[in-house]
Amino acid sequence: MAPRAFDMLEAVHRLEATGLDRKQAEAVADTASAAVSADMEQFATKADLKAEAAALETRIGERLNALIWRMVALAGVGVAAIKLIPGGS
């Protein structure tokens, strides 16, 4: 569900209906709008999350690749060490 945009005019009308005069209602609505806008900047969109997930997948893949190559290298060192031991195959 997409977040609903803050409707200044609707807010002013609702505040006026509670007894505030126009100037007060506009001031309160403006303050509320600024607060809502500031909070909305903190939310991540689906696109933000997808981009971050893709970046993490790339980093994990790179690290996994490096780990596999290290394991192959260690296996090679192990085989070489066994061959160097007298009586090794």
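Ser33 counts as buried, its relative accessibility being 17% (buried means under 20% relative accessible area, exposed over 50%, and partly exposed in between, with a 1.4 Å probe and protein chains only). Ser33 has its place in helix 2. Setting aside neighbours within four places in sequence, Ser33 is in contact with Phe6 and Met8, where contact means heavy atoms within 4.5 Å.

A word on the model: it is predicted, so local features need pLDDT of at least 70 and side-chain atom pairs count only at pLDDT 80 or more, while totals for chains, interfaces and linings use all residues. Residues are numbered from 1 along each chain as its sequence is written, and side-chain values use heavy atoms, leaving out hydrogens and water.

## Overall layout

The protein has 3 helices and 0 strands, and from the N terminus its elements run α-α-α. Helices (H or I, at least four residues) and strands (E, at least two) are DSSP runs, numbered from the N terminus.

Of the 89 residues, 7% count as buried. The protein exposes about 7700 Å², with carbon and sulfur atoms supplying 64% of that area; accessible areas come from the Shrake-Rupley method with a 1.4 Å probe, and for residues only the protein chains shown count as cover.

## The nonpolar core

Which residues make up the largest nonpolar core? There are 5 in all: Ala11, Val12, Leu15, Ala25 and Ala29. Helix 1 (8-17) and helix 2 (22-40) each supply at least two residues of this core, and helix 1 gives the most, with 3 residues. Such a core is a set of buried Ala, Val, Leu, Ile, Met, Phe, Trp, Tyr and Cys residues joined through side-chain atoms within 4.5 Å.

Let us look at one member. Apart from neighbours within four places in sequence, Leu15 is in contact with Leu20, Ala25, Val28 and Ala29.

## Salt bridges

The structure holds 3 salt bridges, each a side-chain nitrogen of Lys or Arg within 4 Å of a carboxyl oxygen of Asp or Glu. In one of them, Arg14 pairs with Glu10, the closest N and O atoms being 3.9 Å apart. These two residues are separated by about one helical turn, because they are 4 residues apart in helix 1. Arg14 is exposed at 58%, whereas Glu10 is partly exposed at 29%.

Glu16, Arg22 and Glu26 are linked in a network of salt bridges. Arg22 bridges to Glu16 with the closest N and O atoms 3.3 Å apart, and to Glu26 with the closest N and O atoms 3.1 Å apart. Glu26 and Arg22 both lie in helix 2, 4 residues apart.
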